[in-house]
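Please keep the sequence and the coordinates at hand while reading.

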Amino acid sequence: MTCTRLRVMIGSVVVLAFGLGGALAQSGEVNVYTYRESKLMAPLFEAFSQDTGLKVNVISASSGLEQRIRAEGANSPADVLLTVDIGRLEDAVRAGVTQPIRSDLLERVVEPRYRDPEGHWYGISMRARVVYASRERVAQDAITYEELADAKWKGRICIRSGQHNYNNALFAAAIAKLGAGTAADWLHGLKANLAQKPSGGDREQARDVAAGKCDLGIGNTYYWALMANANAAQKPWAQATKVILPTFKNGGTHVNLSGVILAKHAPNKANAMRLIEWLVGEKAQLMYADVNYEYPVRAGVAVNPTIASFGALNADPMPLSTIAEQRKAAADLVDQIGFDR
Amino acid sequence: MSVNSQTADSGDRRQLWAKAPRLAAGAPRIVALALAAITGLLVLGPAASLIVIASGDSGDLWAHLIAHVIPDSLVETALLLAGVAALTTGIGVGAAWLISTFQFPGRAKLVWLLPLPLAIPTYIVAYVYVDILDTAGPVQTALRAAFGWQSPAEYWFPPIRSLGGAIGVIGFVLYPYVYLASRAMFQTQCTAYIEAARVLGARPVRLVRTITLPLARPAIAVGLALALMETLNDIGASEYLGVRTLTLSIFSTWLNRGNLTGAAQIASLMLLAVLALVALERYGRRRRGFAAPAQDSQLVTPIVLSGARGWLATLACVLPVTLGFFLPAGFLAWQVIERSLFAGFDKALLAHTLNTITYAAAATGIVLALGFGVVAALRWLPNAFIAACVNLAGIGYAMPGTVLALGMLTPLVALDDGINAVTRAVAGVGVGLLIAGSGAAVVIAYVVRFLAISVGFAQSGFARITTAFDDSARLLGAGPATVTRTLHIPLARPAIFGAALLIFVDCLKELPATLLLRPLNVETLSTYVYQFATRGSFEEGALAALMIVAVGVVPVVYMVRLADLSAEFASGAARMSA
């Protein structure tokens, strides 16, 4: 009797838990962990729900999501992890929380340099790390990354911390492209050209150029587009600067990836695959390009007019996984030369 | 002659404990031990999993750190901490002393205005000041226009994105920790010493140096320790303002070098250093008693400051609250109007507000009960195990929020695995991540993080209640429950309210642990604001940031008033019992 009552009690707790948890495997849903702000992703997920009838549950954070998935283990509700950086994609693979994404569609649409050879991650969109140049004080309309170390820019360049993951990826690309020795000289040269100690975010670099503190600021493409399309207070910062897409002498412009992984224990794997394939579809790629001011990974999809105004993107051909291998070396180099000092 | 705190009639703490009535075996004893065990387990869980992560091989990390990172970071971190310590102590103790000792214009309002900077997240204040004071900001633009300067190269302006800027920003935001802690003490300061010294002709400044400050030292230490740990663990403001603290190297090691083990090693060592410093401060005052004689703990009659001196006192209190609160909050309000953020009001914000309040209120209740409970337990049952648990309570506050959150993941999931094992055995079905996947994880993280505040305030609050009260009550036959209810809680009320306020508002603002541990589809106000900040447009989140402020201001005003009333109550009770 007592035992039955106990079972009923535990049974009702279990039922209650299903109601409370809401994070358990349920058909018709897909659970997304994302490094991209959930507010920005909301329009895309709404469109996905309209197209498929699947509900998207979201949690966004700035670091540690792959560790959360790892700790959650077999019970993890995570189906999909969206990142805004190649580093986090590689971290997720190394944390052992991924499984290969098998999709003919994805293999067809996403170029090999923008995906993991084993299929553990795929790129969805890209942003370029570029130069915000003063319209007033900088005449040239083209520049190489190598040139940023040229003494003619002494005291004229602004940049955020060398340990920020955007710069970490750029410096890793420099090491991968130029070799460790040349890249170290280059970073020394860049450091010597800085107008001030690295600080602030990408937006502050454009602001400093606008205010005359420096002539070149280093930042991502979408920050500039956000300022250009923002309110009256920020517009002047974009208007005072022009975006130049720099290239490596022996290559193209450094891009970083927003990408996707399929969680190892994804409880809604089929739904997750539908979401991942939907994200590289034309509609989603167009939305990505418009909402986030990013470059679509799918060829033939139009970029936002603001981004298009920078000129055609000639993305560097080196695979991002090769660049990601140099992340540690780049972080070490920044410390060694005292870049942030 | 200085009235040393040692001359207070309570004498040596250890003697005092030895005299304190011990709990007999039975229910109260079990409750006391259980409280201590829960506290210990809560803080040791994340610390243990941090140590497990740290126990791996971090490769060549340390040679690199010692050669290239630590020398500079250590100096920069030390300068930042020293600067913030000087600023928060100067403002916090100064303002608390002025408010408690003198009567001057605006004093009644300033009592509750002074803690307000608590209600704004530090990193938001950093963004605001950079917007205002940076080269492109309105101040420098106006200066350039006024003096006809063409470029920033033609003049010098103190850079806000600098170590000095960080000290200023963080100091003006965090001084309320010291202010609230010392005010709770000054309010119940023993008047006999002060009146006696006044009769003997001591000037107020001398009173402060020889009586007020020595007696308030435990409280000041608690407030300052909280402010400095907050500073040390800050990443948002420091990184933005270009200060390379040791904490930033935890993140570059983890995220750029992909070396979680190494990051955990740095975090563990920093944790040890912080705990050692806190222990050192306690050791420094180990032989002093800080209890006030019962019959004298009435409120000091404030000295009326008239004329210019009164207004000077007003100015001294108005300045920090203006810089730490009115200016940044005003800037946010201006952004809301300028960007007509009300027009695009996101209805989800109301749900976020409700989540925020629910988590914060639940955590505050639990933290207060646990923190004051375990300190009370130690008073009743001086016992090495309970003492150890009390001393460990600071761990959660002494590590960066993200590190704490990472450390909590494994213990929380282990708890869930246990629950699942039970439900599978009994009902044949698993329940998934009941704790780690729900709001419970966030609340538990808050509890672990903010236990330090509760325990710190409880210790300094209880230290002021002489055990003579306990002895008399026990002699008259009152049990522990009665003594706690009728004596300890009412007498410790200023400390309880001070702690409740700090904890609640800290929960509202908490970002890193909330970000990583919250359930699917849940935002709090602070995670919502953060989304805008990471996109480089924090101004768009101004409305939500102001809602944090609004939710935080209500308890600030309410608690400070209650604390003032209860200080009067406490002194009244003391007089009656005498």
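N521(B) lies in the loop between α21 and α22 of chain B; helices here are DSSP runs of H or I with at least four residues, strands are runs of E with at least two, and both are numbered from the N terminus. The phi angle of N521(B) is positive, about 65°, although the residue is not a glycine. Most residues other than glycine have a negative phi. N521(B) counts as partly exposed because it has 15 C-beta neighbours inside 10 Å; a residue is buried with 20 or more other C-beta atoms within 10 Å of its own, exposed with 12 or fewer, and partly exposed in between, the C-beta atoms being placed from the backbone.

The model is predicted: local features need pLDDT of at least 70, side-chain atom pairs count only at pLDDT 80 or more, and totals for chains, interfaces and linings use all residues. Residues are numbered from 1 along each chain as its sequence is written, and chains are lettered from A and ligands numbered from 1 in the order in which they are written.

A positive phi, near 55°, also occurs at Y293(A), again a residue other than glycine. Y293(A) sits in the loop between α12 (282–291) and β10 (295–296) of chain A. Y293(A) is buried, since 22 other C-beta atoms lie within 10 Å.

Another loop of chain A, between β5 (122–134) and β6 (157–158), holds V138(A). With 19 other C-beta atoms within 10 Å, V138(A) is partly exposed. Apart from neighbours within four places in sequence, V138(A) is in contact with A133(A), D215(A) and L216(A), where contact requires C-beta atoms, placed from the backbone, to lie within 7 Å. K264(A) is 126 residues from V138(A) along the chain, and their C-alpha atoms are separated by 50 Å.

Chain A is divided into domain 1 (27–125 + 255–302) and domain 2 (127–254 + 314–336), with bounds from an automatic or database domain assignment. The C-alpha centres of these two domains lie 27 Å apart. Where they meet, 14 residues of domain 1 are in contact with 22 residues of domain 2. On the domain 1 side, α4 (86–94) and β9 (255–263) are the elements that give two or more residues.

How do the axes of α6 (residues 165–178) and α15 (residues 327–336) of chain A cross? They come within 8 Å and cross at roughly 105°; the axes are lines fitted to C-alpha atoms, for helices over the stretch in contact, and angles run from 0 to 180 degrees between N-to-C directions. The two helices are therefore roughly perpendicular, a term for angles of 65 to 115 degrees. N168(A), F171(A), A172(A) and I175(A) form the α6(A) part of the contact.

In chain B, the 25 residues of α12 (residues 260–284) should span 36 Å at 1.5 Å a residue, which agrees with the 36 Å between its end C-alpha atoms; the expected span is 1.5 Å times one less than the number of residues. Buried residues of α12(B) include L260(B), M270(B) and V278(B). The buried residues of this helix pack against α2 (27–54), α3 (61–101), α9 (204–233), α11 (246–256) and α16 (401–427) of chain B.

Finally, 52 residues of chain B are in contact with 61 residues of chain A. The largest share of the chain B side, 10 residues, comes from α16(B).

Notes:
Two residues are in contact if their C-beta atoms, placed from the backbone, lie within 7 Å. Angles under 35 degrees count as roughly parallel, over 145 as roughly antiparallel, 65 to 115 as roughly perpendicular and the rest as oblique.
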